[in-house]
Structure formats: C-alpha cells, structure tokens
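Hi everyone, thanks for coming. Have a look at the sequence and the model on the screen, and then I'll walk you through a few contacts.

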Amino acid sequence: MEFVEVSAKTVDEAITKACIELEASSDRLEIQVISEGSSGFLGFGSKPAVIKVRKKEEPAWDMEEPEEIKAPVKEKPKPKAEIREKAKPEKRKETSRREPRKEPAAPAKEAPVPKTEEEIVMMKASAQRFLDGVFRAMELPVDIHMEYNREFGSLDIDFSGEDMGILIGKRGQTLDSLQYLVSLVVNRDQKDYVRVKLDTENYRKRRKETLENLAKNIAYKVRRSRKPVSLEPMNPYERRIIHSALQNNKYVETYSEGNEPYRHVVVTLKK
C-alpha cells in the first residue's frame, strides 16, 4: 500500500485522523513525520503538522486465521457439549485478566449543594486570580468566561484567544492539568466539593466526537479481521467514551488493560 499524506493542527491529531481514515490503530500503521507543524507567534505564521502513513503488511498466516476458525464449526456441528466445555476455561481465563467496562461506571451523582451568590462570587474570584497569574507568567493574552451551572453544581470556565492550542496540549493534557490546579484553588475555601470544567474552542466536544468515530471504525475492523485491537493509552474520561460508544455493539466488547498512565482500551470480538 502506498503512503497517504495526512495533515492536522498537531502530529497527534494527524495520527488520530489517519487511524480513522485507514480504519486501523496506530500500532498497525507505518508513520513518517514530514513536519511537526508550528503554532507561530500569536497565531500568525502557523503551519499544520504533516505525516505520511500506510498500513503495515499483514503476515501471510494472519490472512489464513479466519478460515481456520471457521473450519471446525463446519466439519463438526454435532458435539455442542464438547465445544461448550472447551469454551468455558477460556472464558474464566479471560475474565481473570479483564476488567470489563469498569471505567464507564461514573461516580454516583448526588444533588449539588445549593450555593449562595456570595459563594459563587468568591469561587469565581479565586479562579480568576489564579488564572490571571498563570497567563501573565506565560505572557499569553486569554479571555476568560466563567459561569456557575446550578443544575450540575459545576464552575464552567471557557478560554478564548489567538492561539489556544498551547492550552490544550497533546491529547488535552495541558488543559486537564490546568483544570486540576484550578479545582484545587476553588475548593480550598469550599465546604462542599465543586466540580471545575475547563474548555477552549469547543475542544471537549470535538475530542469526544473523534473518539466515538474511532471506536466505531475500530469495531468494524475487529469484526472483519476477527482479531482484537489495542488502542493508545488514554485517561479514564476518554476510556469511558470508548466503552460507552461500543457498549451496545452486537459484535464486539471492550475492556481496559495496563496501569496508569499506560492503561488502554482493548476491543475484541464477543464470544
């Protein structure tokens, strides 16, 4: 297969885009980075990241495996009891190492404790002082919009500016880290925990849609090839998105494997 050129804002986004287009996980792709891109200065002179990708060649025995799986079923349809007995130990072995869909179980939602206007003003002021100091040190002009969501009991903060890619970081790691720090600052003076949500340029929604599309494409690949696929390491929130996207799929199932920060989702055929 010839190399295909893919471009995006960052190398990481280009790889994700290539995975979707070629219906394969990154470990099944041969990747060449042509340009890592540049954010420019305050958004001027920015250049996209460019990569070349193609699918790795499958070994010859890989192509024959689906036939070997089908053959015993056609030749020996009668001894069903024997087939069940053989399948049982494999199931026990699988469940011993799998942790199916533990991440989707989000913490039990409790009704948020009502906040007074004075408390809301104080938490906004704390977050504003901290963020102003951070962005001043970064010499980064950022417009900050805050709103307290009474329904969910969360402080929603949205950033806007010339180049917000700096605040997002690789796979949103910078944004997640900043969200954690703001949460510590806001909750320092609060009796009841307040959830803090940071976003910029609608990144959270775009990332969720990208992961859901990736999950569907990987599920199709697993169903067609009959082989499990391991995705790249993700944080708990992103793993839950993959699990949720495929939890009602008739043909595949998902489970998480490995330890943080390398824990990842595996998509495999249902038994």
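Let's start with the whole chain. Among contacts between residues at least 6 apart in sequence, 63% join residues at least 24 apart; contact here means heavy atoms within 4.5 Å. A word on the source: this is a predicted model, where local features need pLDDT of at least 70 and side-chain atom pairs count only at pLDDT 80 or more, while totals for chains, interfaces and linings use all residues. Residues are numbered from 1 along each chain as its sequence is written, and side-chain values use heavy atoms, with hydrogens and water left out.

The chain has eight helices and nine strands. These are DSSP runs numbered from the N terminus, with helices being H or I of at least four residues and strands E of at least two. Of the 271 residues, 33% are buried, where buried means under 20% relative accessible area, exposed over 50% and partly exposed in between, using a 1.4 Å probe and protein chains only.

Now, how many aromatic pairs does the structure hold? One. The ring centres of Phe135 and Phe159 are 5.3 Å apart and the planes stand at 90°, so this pair is edge-to-face. For the cut-offs, rings of Phe, Tyr and Trp (its six-membered ring) pair if their centres lie within 6.5 Å, and planes under 30 degrees apart count as stacked, over 60 as edge-to-face and the rest as tilted. Because Phe135 belongs to helix H4 (residues 117-138) and Phe159 to strand S5 (residues 154-160), the pair ties together parts 24 residues apart in sequence. Both Phe135 and Phe159 are buried.

Next, helix H7, which spans residues 203-225 and includes Arg204. Arg204 touches Leu175, Asp176, Gln179, Leu198 and Asp199, leaving aside residues up to four places away in sequence.

What else touches H7? Among its contacts with H1 are Thr16, Cys19 and Ile20 on the H1 side, meeting Arg207, Thr210, Asn213, Leu214 and Asn217 of H7.

Last stop: Val265, in strand S9 (residues 264-269). Is Val265 buried or exposed? At 0% relative accessibility, Val265 counts as buried. Val265 touches Val229, Ser230, Leu231, Arg239, Ile242, His243, Thr254, Tyr255 and Ser256, again not counting residues up to four places away in sequence. One of those, Arg239, is 26 residues from Val265 in sequence, yet the two are 6.4 Å apart in space, C-alpha to C-alpha.
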